[in-house]
Amino acid sequence: MTPIIVFSVITGYFGLLMLISYLTSRKSDNNTFFTGNRKSPWYLVAYGMVGASLSGVTFISVPGEVANTGWTYLQFVLGNIVGYVIIAFVLIPLFYKLNLISIYEYLKDRFGLKSYRTGASFFLISQTIGASFRLFLAAIVLQIAFFDSFGIPFWVTVLVTISLIWLYTFRGGIKTIVWTDTIQTTFLLLAVTISIIVILSQLNLSFDDAIKLVTTSPKSKLFEWDWLSDRNFFKTFTAGIFITIAMNGLDQNVMQKNLTCKNVKDAQKNILWFSITFLISTLLFLILGVLLYQYALANNIPIPERTDDLYPLLALNYFGLLAGIVFLLGIIAAAFSSADSALTALTTSFCIDILNIRKTKTVQKKTRLYVHIGFTMLMFLVIIVFNSFNDTSVVSAVFKVAGFTYGPILGLYSFGLITRKKVKDKLVPLICIIAPILSIILNYNSEKWFNGFKFGFEILIVNAIVTMLGLWLITIKPKTSLN
């Protein structure tokens with residue numbers, strides 16, 4: 001594709017987002033920004049959440065990774081479904097009952113102010129790094145597809161991209177995002193669907209031929225039973241449950257959208273229907289992965305060293321103009337849908353959990369605006385730091401380390417919901433710092449210490465258990481009454 005076409009696609013897409021922003025942000029206030037006035041249709045939220053969940057990492061990495069791990073990722077997604085059911089019937093009723101804006105307000109009522117600020121701080125750290133990483137990957141694709149042609153440096157690419165996101169979210173916040181996410185989900189699913197159709201057409205494969213090819217391919221291996229493997233079914237399935245609870249149910253970014261629904265029942269329907277749509281979408285990406293490698297083999301196209309490069313390489317250079325444009329829209333949608341909701345959630349959490357804004361509406365709105373700008377600048381700086389490493393494997397490692405910070409959040413909520421014990425609130429920050437450090441050390445040394453055993457995603461569960469044990473050690477013994 002020529003740079004002019006790429007520029008036209010980006011401009012048209014941004015224009016569409018700005019139109020939606022204008023229509024949804026009229027007469028907006030802080031309540032609109034934080035909760036969408038709790039008027040979002042559940043089916044709209046459910047559909048839009050698919051786009052936010054299928055980040056640029058999923059969009060690019062899942063199809064490419066089938067060469068290394070087959071369909072074993074689906075084991076993890078099946079666990080996700082169970083996790084979403086738990087979120088629907090345990091967490092959502094709790095959050096609606098307490099009428100929360102930030103979900104971390106629960107920790108203040110349950111344990112105290114220090115615990116509350118600790119949970120929120122771990123979210124802010126995790127989300128800042130995670131969202132920056134996902135936007136970083138998408139910015140690299142935009143750099144290659146367009147900005148390199150004009151000699152524009154990477155930092156300008158990032159600045160332009162994140163500024164555009166700020167422009168269409170700073171007024172309407174979560175209300176705008178609920179609607180823009182539906183557009184972004186549509187382009188993501190269109191990209192994978194059209195790519196599959198193009199491959200089948202160019203390889204002269206019927207639908208039945210494609211099903212046979214996918215089901216018989218060694219790249220479609222689903223189950224891994226080797227206990228030592230980090231892809232073992234029981235480990236990944238169980239991890240899928242708890243990671244979903246931690247990184248979706250206990251994540252302000254995701255739950256803020258659920259809390260825009262009118263009531264508990266609508267929010268529950270949203271989560272359950274979203275989980276089904278998410279499963280179907282993941283299957284499409286895995287099917288695409290098998291077909292991408294078959295296409296490259298049939299056309300003698302060298303496989304890139306980095307599997308993440310395969311889908312962009314074929315879509316932008318071999319699938320034709322329409323598929324290339326839709327792929328570009330898909331990667332932009334993946335970048336924007338991940339970053340826009342993260343930016344809004346970070347702003348919400350910082351305003352409510354850290355600053356505790358309870359002043360006049362004018363002061364609240366100004367404060368929110370300054371915080372929104374601040375997090376936009378922070379994400380920009382984090383991405384520039386990532387790029388300075390000049391090694392995506394290093395950046396990926398940083399992203400994985402950020403994932404460890406969800407363990408303490410999961411531990412805090414689990415301890416709070418399972419037990420009725422009180423803890424020494426002032427010691428909670430120390431427990432929540434020690435737990436991920438011990439988990440990282442354990443994860444790094446597991447093969448040496450446990451006869452080749454590898455931790456996978458389930459290290460999050462270990463992290464949460466360590467947190468809960470620490471909380472148990474600092475419980476306050478109930479005072480005994482003298483008779």
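The protein has 20 helices and zero strands. Both are DSSP runs numbered from the N terminus (helices H or I, at least four residues; strands E, at least two). This is a predicted model: local features need pLDDT of at least 70, side-chain atom pairs count only at pLDDT 80 or more, and totals for chains, interfaces and linings use all residues. Residues are numbered from 1 along each chain as its sequence is written, and side-chain values use heavy atoms, with hydrogens and water left out.

Of the 483 residues, 57% count as buried. Buried means under 20% relative accessible area, exposed over 50%, and partly exposed in between (1.4 Å probe, protein chains only). Contact means heavy atoms within 4.5 Å. Among contacts between residues at least 6 apart in sequence, 84% join residues at least 24 apart.

Helix α18 (residues 406-418) packs against α20 (residues 459-473) at an angle of about 55 degrees, with axes 7 Å apart. Axes are lines fitted to C-alpha atoms over the stretch in contact, and angles run from 0 to 180 degrees between N-to-C directions. The pair is therefore oblique; that class is what remains after under 35 degrees (roughly parallel), over 145 (roughly antiparallel) and 65 to 115 (roughly perpendicular). Residues of α18, including Leu410, Phe415 and Ile418, meet residues of α20, among them Met468, Leu471 and Trp472.

Most residues other than glycine have a negative phi. Asn99 has a positive phi of about 55 degrees. It lies in the loop between α5 (73-98) and α6 (105-110) and is exposed, at 55% relative accessible area. Asn204 also has a positive phi of about 55 degrees. Asn204 sits between α9 (174-202) and α10 (207-216), exposed at 68% relative accessibility.
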